[in-house]
Amino acid sequence: MVDFVVVGSGPGGSVVAARLSELDDATVLLLEQGPRDRNAYIHIPVTYYKTAKGPLLSRFRIEPATNGRAAEYPDMVQGRVLGGGSSVNAMVYMRGCPEDYDHWAASGCQGWSYADVLAYFKRAEHNERFAGEAHGTTGPLAVSDQRQTHPLTKVWLQACQDIGIPFNADFNSRTQAGCGLYQVMMRNGRRCSVVGAYLNPARARRNLRIWTGTRVVKILVEQGRAVGVKYVRDGQLKTVYADREVIVSAGAISSPHLLMASGIGPGEHLRQVGVPVVHDLPGVGQNLHDHVDVFLIYDLTGPHSYDKYKRAWWQIPAALQYLLFRSGPATSNVCEGGLVWWGHKSEVTPDLQYHFLPGAGVEEGSETTPSGNGCTLNVYQMRPRSRGEIRLRSSDIMVPPIVDPRYLTEQYDVEGLGEAVRIGQEIMAQPVLEPYIKSICRPQALLRTKADREAFVRETGQGALHPCGACKMGTDERAVVDTELRVHGLDGLRVVDTSAVPFLTSGNLTAPVIMMAERTADYIKGSAR
């Protein structure tokens, strides 16, 4: 028996486990389905393009589109390695705008306004450049400027400014609007995952145990309280009991899946698939939503992007530069240039986020160009209104769940992304970029009408791999956890990962989840501010 069992080592689980291990009188067991983070591609920033597509992911097939789309959506994925998504993502540090958290608070998540959560962002952050009211400089999570910025990224930023978009030096201050360079979660030219930031420093404590290769298959509930979990390790089914709490941080898909397979979820649905109902909680699996990506891909007139490093004679000097000096192209996360702007002018805050990548075929669902030298402009609508759900396909947890995000079922989302395409194509058509651009590859020609742009969005839009919400925090009938992330109606059970996010924030999700985990650890310790 231990005091705390933490299921999943992503940004939520690793932070909670490390912080709880600070309690001298507590024992903590962290269970991770995937392997240790020993794969070299995890730690070299530029090889993000390999981790984002490789074997360190759990893949979930998405239900066919219902919007008339001909092609199927790519799989939805989660990190399946120590560190979870923080070990495989693009390392972009984005908190979202203050209004996101004020909206959480106004929608039933009292105590989660921007004024409430800012201290936890700052506690986590070790920013190498910014300080003051908005930023922390002593936390475990390294947040740095880019060590390498490709010249084409700088030209793209000039093109943004040429159409009237201002430069923004800090997307994580109070104002997101503008173009600029993303800060990244790196330290000394290496990825700073939650393993490096939180778990490795905590390993010296004898009260923290970390087991990889361990699949949790059931949460055990007795008399209305979570008392432990069943897990499979080395081919054997075993049980571990938690004297104080079970914290589920298995990920946006796996957390609701685990809850439902354990009998915690919508009673009628559980009975239909043959799962005994332990706790009828209708919101589990509901409210699934995700940013939706659209890619604009361009062929270049020459080797003007990182694509040239796909050739061995360019890789060798780049590898030597990285090994000797921790500098050069290998320190790039590829997603260098950023833009936050309006797709719907009626919105108070910007609702579009762009990533400029001086390369093609880097991200899931994108492709290379005819010449082999390309660049990619990726964009998503940050606060989508479309909602989907997760359901059990079988009572057997080893059978993947039904994942039905229902992307782009709200016309609002389609219109916002259509405007995003228009703005993106306008930027890419600026004279400053003309010497570098040979042709448009995706779409195959300039989309001149609103109808054409929206058709392109419906046909090619896909999940941005930021799923959330299927165990949402709140007080309404679809809420699964309360404002301390405790599962409604059960004792000793919390959910701490993106599935607890009630509404998507305006940006990438790693930083918000780390903040949530920092705060949850305080709640558990009884010292929340």
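**Reading a predicted chain, feature by feature**

Guide: The protein chain has 13 helices and 24 strands, where helices (H or I, at least four residues) and strands (E, at least two) are DSSP runs numbered from the N terminus. This is a predicted model, in which local features need pLDDT of at least 70, side-chain atom pairs count only at pLDDT 80 or more, and totals for chains, interfaces and linings use all residues. Residues are numbered from 1 along each chain as its sequence is written, and side-chain values use heavy atoms, with hydrogens and water left out.

Visitor: What radius of gyration does the protein chain have?

Guide: The radius of gyration is taken over C-alpha atoms, and the globule rule is 2.2 Å times the number of residues to the power 0.38. For 529 residues, a compact globule would have a value near 24 Å, and the 22 Å of the protein chain agrees with that.

Visitor: Is H289 buried or exposed?

Guide: Buried means under 20% relative accessible area, exposed means over 50%, and partly exposed lies in between (1.4 Å probe, protein chains only). H289, in the loop between strand 15 (279–280) and strand 16 (292–300), counts as buried because its relative accessibility is 2%. Buried residues make up 62% of the 529 residues in the protein chain.

Visitor: Which residues does H289 touch?

Guide: Contact means heavy atoms within 4.5 Å. Not counting residues up to four places away in sequence, H289 touches S386, R387, H466, P467, C468, G469, V501, P502, F503 and L504. A polar atom of the H289 side chain lies 3.2 Å from the backbone nitrogen of L504.

Visitor: Where is Q223, and what is its phi?

Guide: Most residues other than glycine have a negative phi, and most peptide bonds are trans. Q223, in the loop between strand 11 (214–222) and strand 12 (225–233), has a positive phi of about 50° although it is not a glycine. Q223 counts as exposed because its relative accessibility is 86%.

How values were computed:
Polar contact = N/O pair within 3.5 Å; in protein donor to acceptor, adjacent residues only side chain to side chain.
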